[in-house]
Amino acid sequence: MVSPQQPPLVMPRTLRAVVVITLVAGCNSVVLSEYGTRVAVSRSEDGSARGRKVRHRGVDFKEWALGDPVLAAADGVVRRVNFDDCAGVEVLIEHPGFNRHTFYIHLRQASVRPTQRVKRGDIIGEVGLYRCSGGVVHVHMELWSFETLPRQGAPRDDLAGTEDPLRHAAGCFNSNKQYPTDHLVLTYPVKC
Ligand SMILES: [Zn+2]
């Protein structure tokens, strides 16, 4: 028989939720939103809930405050620096030898210019907050394949020409670490 003094074996629901969130956050806590298609739930006008497929061309990385540095995810050459009303300052970096580009948006300022060479972990700008940031300070990074370089102003929900940056990711940038050079390795574009 269970005595009334014994603590309950089942964790209270709120505590369980906290534990689960902590486990999920874990070492990947700088990744706010992943690449690909997900279902966003919203309310219809008649009050019913409905799911809508939303495509995300890149990965969102958490920044801690406005003005925090944005880092190059791999060695490369800056190909484009642009300002967009919705996305803020955009930086495009080519990674020669890998037929790939990384594209960073929601910067308030870029500290690099086109044709400039950058090393992995170099600061390429400062993070800002724009209409397309969704109210959360973060950097959105995309990985583009060279053959299908999207034109400037391509639709934000079109995955064509992009792939999942996290498939090439090696976590946070560590200046003491040697990274492979025979294939593309991306480090997170934020300090963490
Ligand atoms: Zn995003």
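The dialogue below goes through confidence, layout, core, pairing and backbone angles in turn.

Biologist: Before I look at any detail, what should I know about numbering and about where the coordinates come from?
Modeller: Residues are numbered from 1 along each chain as its sequence is written. This is a predicted model, in which local features need pLDDT of at least 70 and side-chain atom pairs count only at pLDDT 80 or more, while totals for chains, interfaces and linings use all residues.

Biologist: What is the mean pLDDT of the protein?
Modeller: The term pLDDT is the predictor's confidence in each residue, from 0 to 100. The mean for this protein is 85, and 81% of its residues reach 70 or more. Over residues 6-27, however, the pLDDT is below 50, and beyond near neighbours in sequence this stretch has one contact in the model (two residues are in contact if their C-beta atoms, placed from the backbone, lie within 7 Å). Where pLDDT is low, the predicted coordinates should not be read in detail.

Biologist: How many helices and strands does the protein have?
Modeller: Helices (H or I, at least four residues) and strands (E, at least two) are DSSP runs, numbered from the N terminus. Here the secondary structure comes to one helix and 12 strands, and, read along the sequence, the pattern is α-β-β-β-β-β-β-β-β-β-β-β-β. Of the contacts with a separation of 6 or more, 58% are between residues 24 or more positions apart.

Biologist: What percentage of the residues is buried?
Modeller: A residue is buried if 20 or more other C-beta atoms lie within 10 Å of its own, exposed if 12 or fewer, and partly exposed in between, with C-beta atoms placed from the backbone. Buried residues make up 30% of the 192 residues in the protein.

Biologist: Which residues have the most contacts inside the largest nonpolar core?
Modeller: A nonpolar core is a set of buried Ala, Val, Leu, Ile, Met, Phe, Trp, Tyr and Cys residues joined through C-beta atoms within 7 Å. The largest one has 32 residues, and those with the most contacts inside it are Phe61, Val70, Val91, Tyr104, Leu107 and Ile124. Among the elements that give two or more residues to this core are strand E4 (58-62), strand E5 (69-71) and strand E11 (138-145), while E8 gives the most, with five residues. Leaving aside neighbours within four places in sequence, tyrosine 104 is in contact with residues including Val70, Val91, Ile124 and Met141.

Biologist: Is methionine 141 buried or exposed, and why?
Modeller: Methionine 141 counts as buried because it has 27 C-beta neighbours inside 10 Å. Methionine 141 lies in strand E11, and, not counting residues up to four places away in sequence, it touches Phe61, Tyr104 and Pro189, among others. The C-alpha atoms of methionine 141 and tyrosine 35 are separated by 9.6 Å, although these residues are 106 residues apart along the chain.

Biologist: How should I read the pairing of E4 with other strands?
Modeller: Two strands pair if DSSP finds at least two bridges between them. E4 and E11 pair in the antiparallel sense over five bridges, with phenylalanine 61 opposite valine 139 in E11. Strand E1 (residues 31-33) also pairs with E4 in the antiparallel sense, over two bridges, and there the bridge partner of serine 33 is aspartate 60 in E4. Four of the five residues of E4 are buried, so this strand is largely enclosed by the rest of the structure.

Biologist: How many bridges join E6 to E7?
Modeller: Seven bridges join these antiparallel strands, and a hairpin joins E6 to E7 through three residues. Arginine 80 stands opposite leucine 92 in E7. Strand E6 (residues 76-84) also pairs with E9 in the antiparallel sense, over two bridges, where glycine 76 stands opposite valine 118.

Biologist: Finally, where is asparagine 99 found?
Modeller: Asparagine 99 is found in the loop between strand E7 (88-95) and strand E8 (100-110), and it has a positive phi of about 55° although it is not a glycine. Asparagine 99 is partly exposed, with 13 other C-beta atoms within 10 Å. Threonine 115, in the loop between E8 and strand E9 (117-118), has a positive phi of about 80° although it is not a glycine. Threonine 115 is exposed, with 8 other C-beta atoms within 10 Å.
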